[in-house]
Amino acid sequence: MLVPMGHRPLEESIQTDFSSRLDYSGYLHLDQILHAQRPLSMPEHHDEMLFIIQHQTSELWMKLVVHELRAAIDLVRADDLGPTFKILARVKHIQRMLFEQWAVLETLTPSEYVQFRHVLGNASGFQSHQYRLIEFLFGNKDADAVRVFRHRPEIEAELVEALNAPSLYDEFLRHLARLGMPVPRDAVERDWAKPYVSNPAVLSVFKEIYDDPSAHWDAYEMAEKLVDVEEQFTLWRVRHMLTVERIIGHKMGTGGSSGVSFLKKAVDIRLFPELWSVRTEIGR
């Protein structure tokens, strides 16, 4: 029998009766997800759907980043670096997805966005608790930023917990100290809620690791994985800043920030400073 071009007959083994079985939509709760896009513009502006979905999907990817970073921290705390390499490789790819998503939002022109920007009120990406949580897990601590979430006690408590706990980088330094490397005490026993400050003695530890990778292979690999994710995080910040400037110029942000000027200040932040500084010292 001739089969029409492009036709694929349904195989007899394929399930078609889901009256009493879990189906794809049920497993993924698609009814909830696909009905969570509720534009506020009246009449509804065509491009508001893009704006909502862009940010909702970003939040889903960030949820996965948080999930992975928490697992990585637990593994480093247990001195089990091996599995963290795959986790951080995955985080890097998720970050690349987040980076590429800006290209979709960049199809939103200033003329289009201005027609529905007012419906956001004071809602702003600065209020993304998952983004803030990622920063805390990486080690960019900022107690003042938690004040934005006082109206959400459960979220505030989650952020306060992360603020006062060792970050991924803190746990890596503590791991190196447990291996007997000369990590200074003030780098492994400190107020975790304070931003990490670059330490010359920690730089010396990483110089030792980079000068002889074969003798410190796991630590060397972990250091490079951390540089990978920080590089992607910085690229995301740069793309975010440029996308904002492209769409709203130098207007004030909806959440009250100075907008592009405020975003620029984050670009130069270093999460793992010694891992960047050591590159200058290698070979000296």
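E189 and R185 form a salt bridge (a side-chain nitrogen of Lys or Arg within 4 Å of a carboxyl oxygen of Asp or Glu), with the closest N and O atoms 3.1 Å apart. E189 is exposed at 53% relative accessibility, and R185 is exposed at 60%; buried means under 20% relative accessible area, exposed over 50% and partly exposed in between, with a 1.4 Å probe and protein chains only. The model is predicted: local features need pLDDT of at least 70, side-chain atom pairs count only at pLDDT 80 or more, and totals for chains, interfaces and linings use all residues. Residues are numbered from 1 along each chain as its sequence is written, and side-chain values use heavy atoms, leaving out hydrogens and water.

**Salt bridges**
- The count of salt bridges comes to 16.
- R77 pairs with E171 at 3.0 Å between the closest N and O atoms.
- R77 lies in helix α3 (residues 48-77) and E171 in helix α8 (residues 168-178), so the pair ties together parts 94 residues apart in sequence; helices are DSSP runs of H or I, at least four residues, numbered from the N terminus.
- R77 is partly exposed at 39%, whereas E171 is buried at 1%.
- A network of salt bridges links D74, R77, E171 and R174.

**Surroundings of E135**
- E135 belongs to helix α6 (residues 129-138) and is buried, with a relative accessible area of 4%.
- A salt bridge of 2.8 Å, N to O, joins R132 and E135; both residues are buried.
- Not counting residues up to four places away in sequence, E135 touches N140, F233 and R237, contact meaning heavy atoms within 4.5 Å.

Definitions and conventions: Helices (H or I, at least four residues) and strands (E, at least two) are DSSP runs, numbered from the N terminus.
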